[in-house]
Amino acid sequence: MNDITHLIQLLTVLLLAVFVGFEVISKVPTTLHTPLMSATNAIHGIVFIGAILVVGTLFVGPTSPLLAIISVAALTLGAINVFGGFAVTERMLQMFKKKEGPRL
Amino acid sequence: MSVALSLVNLVAVALFIYGLHQLNSPPTARAGNRLAMVGMAIALVSTLLQTQGIGWWAILVGVILGGTIGIVAALRVKMTAMPQMVALYNGAGGGAAALISTLEFFVLASGNGENAVVSVSLVLSAIIGCLSFAGSIIAFLKLQELMTGRPITYPGQQVVNAVILLAILGLAGWFIATLGTMPVLAFLGLLLCSLLLGILFVLPIGGADMPVVISLLNSFTGLAVAVTGFEINSPLLIICGALVGASGTLLTVMMGKAMNRPLTNVLFGAFGSGGGSEPAAGSGGPQQIRSASADDVAIMLAYASKVIFVPGYGMAVAQAQHSVKALGDQLEKRGVKVLYAIHPVAGRMPGHMNVLLAESNVPYEQLLDMDDANPEFPTTDVALVIGANDVTNPAARNVKSSPIYGMPILDVDKATNVIVLKRSMRSGFAGIDNPLYEMPNTSMLFGDAKASVDALTAAVKAL
């Protein structure tokens with residue numbers, strides 16, 4: 001069945017992404033764990049794109065005010081993640097400096 | 001979706017993964033964050049092209065509102081308040097996933113769809129999203145000290161949680177059996193129960209366990225996003241959610257290991273609520289404790305060859321990171337080697353101390369994690385403990401009856417001299433006596449961490 005094949009494809013993608021995630025994240029040093037968390041906050045901001053996709057199918061015809069409010073709320077929360085997550089990560093990372101000069 | 005747009009999304013995914021990979025060292029980390037930003041921008045444009053801008057006004061409102069809130073908060077937040085900030089961002093992601101599921105529920109309820117995959121993923125993303133949202137709000141309130149950081153417990157807590165969980169499972173079963181066409185009220189009930197469970201499961205967890213909770217909520221949010229990807233058939237969401245979920249899970253496991261406690265114990269143990277714990281062996285009351293003056297300690301520090309600072313949450317509370325750096329500078333001027341030893345669970349989130357010290361311009365090469373720091377202590381003249389307690393407690397090594405027995409600690413007691421900066425003799429978060437304070441090589445310097453460090457700096461300068 002086509003549906004099942006498609007589901008299995010998506011599950012494969014999920015599984016591989018999980019493995020890649022563990023592999024990549026396990027190399028992040030403890031010093032950067034806080035920026036890592038805020039960076040992942042930005043990356044799960046991808047729900048913002050999810051919300052745009054849903055709005056794209058939902059708003060084709062006339063929409064009820066309730067659904068419009070829920071949509072705006074979802075988009076706002078997603079946007080907070082994307083913009084805030086990247087901005088705060090950038091702010092933190094620029095503070096991590098090497099020791100300057102030839103001091104001991 | 002056209003082939004071109006799918007390819008563009010593939011590029012975005014590659015940028016996310018490579019960006020995260022770049023976080024593996026401080027010099028490349030900023031480039032990594034920027035790559036991830038580019039990935040997000042690409043994905044955003046391709047998605048807007050795909051939906052042809054339908055609902056543009058809602059998207060615009062979302063960007064203006066969310067963008068403003070996010071960026072203003074990101075620029076204003078104090079580094080000491082980073083844990084609360086990340087908690088809120090976790091909650092925002094979970095909330096967004098739950099709201100998307102609610103929208104999709106109304107689509108299903110109007111009779112479109114009827115797909116098993118969609119209904120299973122929809123109900124899962126609604127539940128996990130609500131858990132993460134409500135749990136993060138409580139974590140935020142605790143961290144911001146808008147409510148007590150102590151565990152909140154009541155009799156029958158576990159039973160209440162179990163009943164709510166059963167209700168959620170029952171409603172979820174009903175939802176899936178009817179392919180998402182259950183009454184609106186029942187779906188609302190499902191959302192409310194999930195929110196309630198999110199609140200109740202964080203309430204009994206104390207402040208010192210927050211590093212675990214934040215990591216766990218981070219992984220929940222990732223999971224909610226990944227499941228949302230199945231719901232709306234978007235590999236992009238599945239991959240990003242999986243990356244975040246993996247990251248959160250890995251950090252949760254690391255934090256648990258650093259406390260030598262299984263996750264179940266953190267979640268259900270209500271650590272730190274117990275009244276008096278057994279006094280540690282050899283405890284003879286406070287008469288054995290020596291207190292030192294800032295001048296004594298300054299002399300000790302100034303004539304040392306190696307000093308290790310051990311910062312803890314107390315440093316964050318007193319906002320003492322800049323003072324600590326100033327003291328370090330004074331000592332380095334005199335040729336003293338200065339290092340910082342950071343326990344994985346020092347502070348309220350993974351890496352909290354590192355960010356604070358980075359903020360006050362301490363080069364990251366001077367920050368040692370536990371495994372690198374412990375071999376240094378036996379050759380250290382002075383270990384200066386600034387607002388850390390349980391992570392330096394030698395009882396974890398040798399007192400079998402201690403609640404923290406087996407937890408890996410920083411071996412500050414192996415240094416020639418140990419100076420503990422402490423507000424008072426109150427026990428640490430875990431409510432356990434710290435035999436370190438009674439050891440012959442330990443002296444206490446009582447007072448606010450910032451004031452004490454400033455006094456030390458002044459005294460060293462005057463020498």
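Me: Why is the crossing of α13(B) and α17(B) called left-handed?

Reply: The word is used if the near helix is turned anticlockwise from the far one by less than a right angle, while clockwise would give right-handed. The crossing of α13(B) and α17(B) falls on the left-handed side of that rule. Please keep in mind that this is a predicted model, in which local features need pLDDT of at least 70, side-chain atom pairs count only at pLDDT 80 or more, and totals for chains, interfaces and linings use all residues. Residues are numbered from 1 along each chain as its sequence is written, with chains lettered from A and ligands numbered from 1 in the order in which they are written.

Me: What makes α13(B) roughly parallel to α17(B)?

Reply: The axes of α13 (residues 321-333) and α17 (residues 449-462), both of chain B, cross at roughly 20 degrees and come within 9 Å. Angles under 35 degrees count as roughly parallel, over 145 as roughly antiparallel, 65 to 115 as roughly perpendicular and the rest as oblique, so α13(B) is roughly parallel to α17(B). The axes are lines fitted to C-alpha atoms, for helices over the stretch in contact, and angles run from 0 to 180 degrees between N-to-C directions. The helices themselves are DSSP runs numbered from the N terminus (H or I, at least four residues; strands are E, at least two).

Me: Which residues of α13(B) and α17(B) meet?

Reply: A contact needs C-beta atoms, placed from the backbone, within 7 Å. Among those that meet are Val324(B) and Leu327(B) in α13(B), with Val453(B) and Leu456(B) in α17(B). By class, this contact of α13(B) with α17(B) has seven nonpolar, three polar and three charged residues. Here Ala, Val, Leu, Ile, Met, Phe, Trp, Tyr, Cys and Pro count as nonpolar, Asp, Glu, Lys and Arg as charged, and the others, Gly among them, as polar.

Me: What makes α2(A) roughly parallel to α2(B)?

Reply: Their axes cross at roughly 10 degrees and come within 11 Å. That angle makes α2(A) roughly parallel to α2(B). Pro35(A), Ala39(A), Ala42(A) and Ile43(A) of α2(A) make the contact with Ala29(B), Asn33(B) and Ala36(B) of α2(B). The classes there are six nonpolar, one polar and no charged.

Me: How many residues does each chain give to the contact between them?

Reply: Chain A gives 76 residues and chain B gives 93. On the side of chain A, α4(A) gives the most, with 26 residues. That side holds 49 nonpolar, 21 polar and six charged residues.

Me: Into which domains is chain B divided?

Reply: Chain B has domain 1 (1-76), domain 2 (81-268) and domain 3 (286-462), with bounds that come from an automatic or database domain assignment. The centres of domain 1 and domain 2 of chain B, taken over C-alpha atoms, are separated by 24 Å. Their contact takes seven residues from domain 1 and five residues from domain 2.

Conventions
Two residues are in contact if their C-beta atoms, placed from the backbone, lie within 7 Å.
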